[in-house]
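Here are a few notes to read alongside the model. Have a look at the structure first, then work through the points below.

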Amino acid sequence: MKPLLAPLSTYRLQFNRNFTFSQAAELVPYLAELGISHCYASPYLRARPGSMHGYDMVDHHQLNPEIGTLEEYDKFVAALHQHGMGQILDIVPNHMGIMGSDNAWWLDVLENGETSAYADFFDIDWYPLKEELQGKVLVPVLGDQYGTILDRAELRLTFDKEKGEFSIHYFRHRFPVNPREYPRILSYGLEALLSRLDAASGDLLELQSLISAFNHLPGREETAAEKRSERLRDKEIHKRRLAELCARSGAITHFLVQAVERINGNAGDPASFDPLHELIKAQAYRLAYWRVAADDINYRRFFDVNDLAALRQENENVFNQSHEFVLQLLREGKINGLRIDHPDGLYNPQQYFERLQCDGDSSVGEDRGAKRHYIVAEKILASEEKLPADWPIHGTTGYTFSNLVNGLFVDSAAERKMDQVYRLFIGEHTDFKELVYECKKLVMDRSLNSELNVMANHLSRIALADRHTCDFTLKSLRDALSEIVACFPVYRTYVTEQHVSASDRAYINEAVSCAKAKSTAAESSVYDFIGEILLTSRLEGRPQFYQRSVKHFAMRFQQYTSALMAKGLEDTSFYRYNRLISLNEVGGDPLLFGITPEEFHRKMEHLERVWPNEMVATSTHDSKRSEDVRARINVLSEMPLAWHRHVRDWRKLNRDKKTLCGEIQAPTANDEYLFYQTLIGVWPFGTGNKGPDEDFIKRICDFMRKATREAKENTNWANPNQDYELAVSRFVKPVLESKEFRDSFLPFQRKTAYFGMLNSLSQTLIKLTAPGVPDFYQGNELWEFSLVDPDNRRPVDYRARHQGLQLLKTRFESSRQLTAQRARELAQNMEDGQIKLYALWKMLGLRNQRPELFREGEYIPLRVTGEKANHVLAFARKAADKVSITAVPRLCAELLGGKLNIFGSREIWGDTRIELLPAVETRFENLLTGELIEPERHGNTETVPLTRLFANFPGALLISALSLRGLTLPKDIYEISSKQHREALRHPAMESGASAAGC
């Protein structure tokens, strides 16, 4: 097996009908010129029509036709290979898009119920406690109460004469009729047909034969293998016969059309809908008002999204059918790795990853843990939580790194002051941990109640099976279960049938102890019982059915806690707790108010040892705010008193723009605090003192509407408070248009924007040289001030970016002697973003020319001494005789005393210096400025003073001077790397274990 080569860098592209394979192919030369090794593609298998993200897939075996044809896809792949690039594909194993009329698997389940070939593909509880749902699936799709919808004639029976099929339609949604119930329709008003046709008519006899044939199909409750096969075979035969009959007999077709019309009833005559109602009642589904989903839904969803149904990837047949096409693309070398969306939704993630690495081959034995493909998982970790070491993957998709590097630019010393500013503005103290607990309880009650009921019923059956626990009531079990889930400290554990890890045991015990402490119940032994069940510790000497039930419950419980944490923390608490919103990020902890360089070094050393090829990101499609927005907002932590004065003044200025909405002023103080921080982060460059354009105002209004709905305090998605939302919009627009407000706001915002650029540049340099695979979200090679989706899916101006790169190459390649001067000019004019693009271009080029240094190089923290040591992060990467040194400034607003000048004067840096490694090259070149750096002797140590290092550029990357020759021309780098890897990427018969290398 060829050695697997991880990407050297990735660039995320969001595919949809507005960004296609053909457009991506045109972009490839630019990405290659920039130095990107792999395109990182959003899901592009067939999704629901109009999907802008691809996570609502409906067919695992086809490309999305809105994105392009197979021929256009192949041209995109060929363009990548021609430029020595590879591709990572984002796939969605946890769920599929349902409803509508385009998911063949789901439609088959609706038609055939438990006898469907796909009945066990979806995670459906076919026998819930509610009797009317037994043997059925609840479909919460209606816009009003079922009876109201029926009486309004919005549910319509239809007949497809070409296919011989009957369906019930509700606008764009199709619900197939159970073929066993076709005789209700085929014989409706049959007496009239008998009076018109000769009793010996062949067509009439065929119709009567079909009525009998459909009647004799095995029922949808007959799940024995032979009965299921008989039904699935014969129903299609009978449908074809019906279609053929209609094709040759106009009289039969006319009769069936009239029968359908009569069954459909007449608006204004409720009794006329009785036949349609009886037909619907006889189906394998119950059509229901969408609001009942929270309490009654009996299929597992992606979080609380009704039209995304969970798949059972633990079922090997499901895995094989849903991954056949993707694994084919891997074997053919058209893709070179996978990003796995939401693995916490899977029943057994480790088993899933092993199957992926084995290409679905269950015959692979002890080598199941081998890493044949480059795979990263979208796993969200708590601050000290570790990714399971036995997962055969290469790490996560970068949320952990994103929050770590962001924390470097938050001033920990200001936490108490920022607490006070927030408390004074909103008028109350907020306990974040208690807030998360309350939000999780809220989400359980409003959105995920039905899933909790399913688990409580399962737990009750386990309790009843043992005489020592049979007195636990369903209510006591449900109450205790809800408390344990609300107290759970991480997204989920990974208990399996074979193993409970020490960390999982600790998390479960912590949740049970917390829940017991919060409980007001007189009897607490129910908590101990549930804890034992979750730890699978009550199994010895128990019957096999009991053991299976306990293990299944423990593993299903894990899927629920992950969904609840995501909805309660990310999608609720993060929109309520606004102390410093740059910390409210996916995978982040708002209570972790900044980190020290020493803490960062410790985390990076662990990353280099354990997950050296993990993705490291700073912006993703899931980010609440882009990296450049967070970089600006972080600056507030360095100037809490100035922030307090300004935000207090703005509230006074804008008080008259608020509206009384019920008993509260809209927006509330908390929402207003969020609004001002948001403006600090996203205000565009180049507006002068003019008001923002209409597009910007709309973006802010849209964001505030989404943020307030997610917070679920004064409005929400299920029951929007239109008055409150309108009041917030009526506040936002006049504030943004107010010259008086802008005169106060803009001078302060410009200062934070300047230091935000320095923060962003520093975190970019760190990302490009730290352990891991640096990932860049589309458009973020220049300053990008985006908010949460859909704002971060706006079109990217790639023409401007390509032209900017061409300009940089022309300026810097024309004369190397002027590199330092040109770099200084970029630093003096940062607002156009060219400085960020320049850093990417230079440093991606270095990664491509020295891949072993960044793939395998040791991470070595460097000691910084002197009066401003706290304002510098420095580290080295070392592989054999190759060394790089990264040094960046941090907390620059405090460092510079608010002055907008970062350059390395002695007044700024004083005696601050970086101590170098012993016995390494003593002459360096700064890749970013072209300057030769001669270390100075300081005592017994070689050092580099910061006054020299940052003289022309706010950051440095030092490389051994001799080894650097030829590195500053990315064109040469590209040609070398392309020659080395193009054939491997193009070759369709490459060994299954060999992922394409990239540049």
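How are α25 and α26 oriented to each other?

1. This is a predicted model, in which local features need pLDDT of at least 70, side-chain atom pairs count only at pLDDT 80 or more, and totals for chains, interfaces and linings use all residues. Residues are numbered from 1 along each chain as its sequence is written, and side-chain values use heavy atoms, with hydrogens and water left out.

2. To take up that question: helix α25 (residues 669-682) and helix α26 (residues 694-711) pack at an angle of about 140°, their axes being 11 Å apart. They are therefore oblique to each other, a label for angles that are not under 35 degrees (roughly parallel), over 145 (roughly antiparallel) or 65 to 115 (roughly perpendicular).

3. Contact here means heavy atoms within 4.5 Å. On the α25 side, Asp671, Leu674, Phe675, Thr678, Leu679 and Val682 meet Phe696, Ile700, Phe703, Met704, Ala707 and Thr708 of α26.

4. Ser37 sits in the loop between α1 (21-34) and β2 (38-41). Ser37 is buried, with a relative accessible area of 0%; buried means under 20% relative accessible area, with a 1.4 Å probe and protein chains only. Its side chain reaches the backbone nitrogen of Leu8 at 3.0 Å, and a polar atom of that side chain lies 2.9 Å from the backbone oxygen of Ser9.

5. Leaving aside neighbours within four places in sequence, Trp643 has contacts that include Met418, Trp650, Tyr673 and Phe748.

Technical notes:
Helix = DSSP H or I, 4+ residues; strand = E, 2+ residues; numbered from the N terminus. Buried < 20%, exposed > 50% of the residue type's maximum accessible area, 1.4 Å probe, protein only. Polar contact = N/O pair within 3.5 Å; in protein donor to acceptor, adjacent residues only side chain to side chain. Axes fitted to C-alpha atoms, helices over the stretch in contact; angles between N-to-C directions.
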